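Trainee: I would like a close look at one part of this structure. Please keep the answer connected.

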Amino acid sequence: MDDTTFTPGEITIPLPDASSALTSIRARLGDAPSQAALGQLCAREGRYEEALEWLDKSASTFPVASVLYYNATIFSGAQSLEYQQRAVAHLRAAANSDCWEALQVLASLYVHGEGVPKDLSEASRLIERSRIIRRKNDA
């Protein structure tokens, strides 16, 4: 996948089948990818409060879930300062774990000044770091 085909907010890591009973059990036992899968399923079904709970749990140990958490806050209309700050915190933690998807979304926030100060040089730095990590992962 080249850089022109990526949309901020997209994830490229496959998740477990959220409709599986086994995934539900694993999520309840703390499996972060299963929690992310359930969170994404809940968001698709419009159950955003439940989605945000699952994604919040998974984001601390499954960095790409930070992108899903951010997406769920947008689609849910949960634009309160608390949700926005939580989303940015998750994205920053994921970025510090070299999650290139989170770096892309965080860069977008810096471009638009959403939840962070508008800073085009920081956005450029994050995009370049994302490119480097993504190329290294694709190699």
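What does Arg-47 count as at 35% relative accessibility?

Mentor: Arg-47 counts as partly exposed at 35% relative accessibility. The scale runs as follows: buried is under 20% relative accessible area, exposed is over 50%, and partly exposed lies in between, with a 1.4 Å probe and protein chains only.

A word on the model. It is predicted, so local features need pLDDT of at least 70 and side-chain atom pairs count only at pLDDT 80 or more, while totals for chains, interfaces and linings use all residues. Residues are numbered from 1 along each chain as its sequence is written, and side-chain values use heavy atoms, with hydrogens and water left out.

Now to the partner of Arg-47. Its side chain meets that of Glu-50 in a salt bridge, 2.7 Å from N to O. The term means a side-chain nitrogen of Lys or Arg within 4 Å of a carboxyl oxygen of Asp or Glu. Side chains of opposite charge can pair when their charged atoms come close. Glu-50 is partly exposed too, with a relative accessible area of 30%. Glu-45 joins in: salt bridges link Glu-45, Arg-47 and Glu-50 in a network.

The whole structure holds six salt bridges. One of them pairs Asp-98 with Arg-129, their closest N and O atoms being 2.9 Å apart. Asp-98 sits in the loop between α5 and α6 and Arg-129 in helix α7 (residues 120–138), so the pair ties together parts that are 31 residues apart in sequence. Helices here are DSSP runs of H or I with at least four residues, strands are runs of E with at least two, and both are numbered from the N terminus. Asp-98 is partly exposed, with a relative accessible area of 39%. Arg-129 is partly exposed at 23%.

An α-helix has 3.6 residues a turn, so residues three or four places apart point the same way. Glu-122 counts as buried at 19% relative accessibility. Arg-125, at 44%, counts as partly exposed.

After α4 comes Gly-77, with a positive phi near 80 degrees.

The protein chain has seven helices and zero strands. Of its 139 residues, 42% count as buried. Contact means heavy atoms within 4.5 Å. Among contacts between residues at least 6 apart in sequence, 49% join residues at least 24 apart.
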